[in-house]
Amino acid sequence: MIFSASSRRGSRWLGRWLQLIAALGLVCSTPAWAHVGSPDIYADGNAEPYRLFVTVRPPLVIPGVAEIEVRADPASANGSLVSGIEIAPIPLTGEASLHPPVADAMKQSGQDKQFFTGALWIMASGSWQVRFTVNGSQGQGVLSIPVPATSSSTKGMQAGLGILLGGFGLLLVVGVIGIVGAAARDAQLPPGAKAGDAGRKRALIAMGVALVLMVGAVVFGEIWWKGEADAYGKYVYKPLTMQATLAPGQSPSPSSGQPGGQVLKLSIKDPGWLKSRRLDDFVLDHDHLMHLYLLREPGLDLVYHLHPEQIAPGEFQLAMPAVPAGLYQVYADVVHVTGFPETLVARVELPEIAGRPLAGDDAKGTVQALSPLRGLPNACPINPVAGPQFRLPDGFTMSWNNPAKLAAKTPQVFAFTLLDPNGKPPSDMALYMGMVGHAAFVKDDGTVFAHVHPSGTVSMAALMMAAEQNQPQQLKASTMAGMNMTGMAGASHNPNSVGFPYGFPTAGAYRIFVQMKHGQTVETGAFDACADSAHSN
């Protein structure tokens with residue numbers, strides 16, 4: 001681990017020379033892989049027979065320490081309590097995933113016996129999983145949560161630390177030069193004798209040579225330091241870039257069968273990161289290679305959840321539905337075969353498009369626009385969506401069951417319910433892409449976007465990879481709350497309520513888009529929320 005090579009303040013040269021001598025390293029970063037601006041992982045899962053609410057805060061640097069919190073639900077496993085949890089970091093795929101390390105025990109809270117904390121070292125960038133082994137009165141259960149790990153940026157040294165190190169470096173340089181001069185002047189003198197002119201001249205020459213050598217060491221250290229920083233920079237996460245352009249359609253869409261019309265072309269490029277990352281290894285996640293959200297700015301009054309088709313490595317296209325004109329922010333979720341998820345971001349100005357009707361899993365939502373009037377940064381919206389209920393165009397109502405103003409980074413299960421025009425649970429509730437619902441948490445300034453499921457913020461494709469390594473027959477069916485990728489589409493009693501584990505990453509105003517399905521209709525509700533600054537520990 002090394003310091004950033006950028007922006008040194010206060011005694012820059014001497015500070016760096018001392019850093020070289022002391023081999024002191026610090027790296028800070030802001031993760032930015034799956035989702036945008038929302039690095040922490042929140043999950044609701046079953047380590048049969050125990051239900052766990054998990055929070056993983058990935059390390060800010062690789063190698064680094066991931067902080068982990070687990071709350072066991074005492075209502076699960078017939079009210080039995082969890083007595084202990086062990087955790088181990090394991091690569092999600094590859095040979096190393098078959099050889100887990102010795103697990104560490106989590107610390108049980110003295111006040112709340114169902115709350116556990118722990119920390120694990122993550123030693124390399126890429127797709128990892130944290131395996132939870134749970135012990136209690138009902139026996140042992142296992143749950144694995146995927147954890148994408150990267151360093152995404154470096155940060156310059158703090159000014160105060162730079163000045164301190166520079167002062168020590170100056171003291172060291174002066175001391176070395178003084179020692180060399182004293183040795184050249186006095187080393188050969190008898191005890192008690194004083195140096196003559198020749199000795200003082202010899203001392204000055206020696207001190208001059210020492211000064212030149214010390215300056216040379218500092219210059220060499222600067223060159224070496226920059227080289228090491230540049231080498232480390234190759235491992236700093238660089239997200240895939242995406243360019244969105246509108247073009248005339250030339251043929252019917254294979255999925256929709258709609259002729260011609262306007263087509264949104266998405267071109268993905270790799271700016272260079274790990275050599276193992278590819279543009280042709282995306283895997284299905286909820287039956288689609290890409291989940292794309294179009295959000296009209298600045299009011300966030302229109303949202304589209306769409307599913308482009310891959311036509312070549314790094315190339316996707318989408319037969320456009322009817323879309324009003326405006327500037328749209330584009331978020332596209334993909335998952336690599338390694339289980340590593342990424343959210344691609346673009347912006348596109350669209351004219352009014354008289355496109356195809358929505359079909360399949362594509363959905364749209366309209367809502368009152370956020371006020372263009374802004375107060376202080378990270379302030380709550382001036383005209384939020386009224387109340388915890390959202391009236392849908394067909395008379396149905398979606399309700400936010402537990403609205404509250406939360407501190408940033410506070411785990412919470414955001415609960416929502418869908419009711420028919422008579423205030424009753426719809427009789428034809430259906431799963432939407434295999435789940436009770438989907439949600440998108442979007443900060444009003446565009447700095448945060450998170451596509452969340454009832455199982456949490458993790459990618460479902462990665463979650464299935466992790467589950468298969470534990471107890472496939474048991475976990476494929478029941479690992480995550482609300483998850484059902486296969487076999488349940490025809491269930492007659494799907495619930496009309498859903499919860500999404502999440503925590504706002506930063507203070508400010510957020511809009512939450514929630515999608516649930518009944519019959520063949522995908523309903524999209526919208527709710528405004530506000531987060532306070534994170535509580536200090």
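Two strands are taken to pair if DSSP finds at least two bridges between them. Strands (E, at least two residues) and helices (H or I, at least four) are DSSP runs, numbered from the N terminus. The structure is a predicted model, in which local features need pLDDT of at least 70, side-chain atom pairs count only at pLDDT 80 or more, and totals for chains, interfaces and linings use all residues. Residues are numbered from 1 along each chain as its sequence is written, and side-chain values use heavy atoms, with hydrogens and water left out.

An open sheet is formed by four strands, ordered β10-β11-β15-β14, with antiparallel pairing. Its edge strands, β10 (241–248) and β14 (309–312), each pair on one side only. From one strand to the next, the twist averages 30 degrees. Axes here are lines fitted to C-alpha atoms, for helices over the stretch in contact, and angles run from 0 to 180 degrees between N-to-C directions. Five bridges join β11 (residues 262–269) to β15 (residues 315–319) in the antiparallel sense. Ser-267 has Glu-315 of β15 as its bridge partner.

Helix α3 covers residues 197–233, 37 residues in total. The expected span is 1.5 Å times one less than the number of residues. Buried residues (under 20% relative accessible area, 1.4 Å probe, protein chains only) in α3 include Gly-199, Ala-210, Met-214, Trp-225 and Tyr-232.

The pLDDT, the predictor's confidence in each residue from 0 to 100, averages 84 over the protein, and 82% of the residues score at least 70. Over residues 1–32 it is below 50, yet this stretch has 93 contacts in the model beyond near neighbours in sequence. Contact means heavy atoms within 4.5 Å. Residues 472–491 also have pLDDT below 50, with 47 such contacts. Where pLDDT is low, the predicted coordinates should not be read in detail.

Terms used: Buried means under 20% relative accessible area, exposed over 50%, partly exposed in between (1.4 Å probe, protein chains only).
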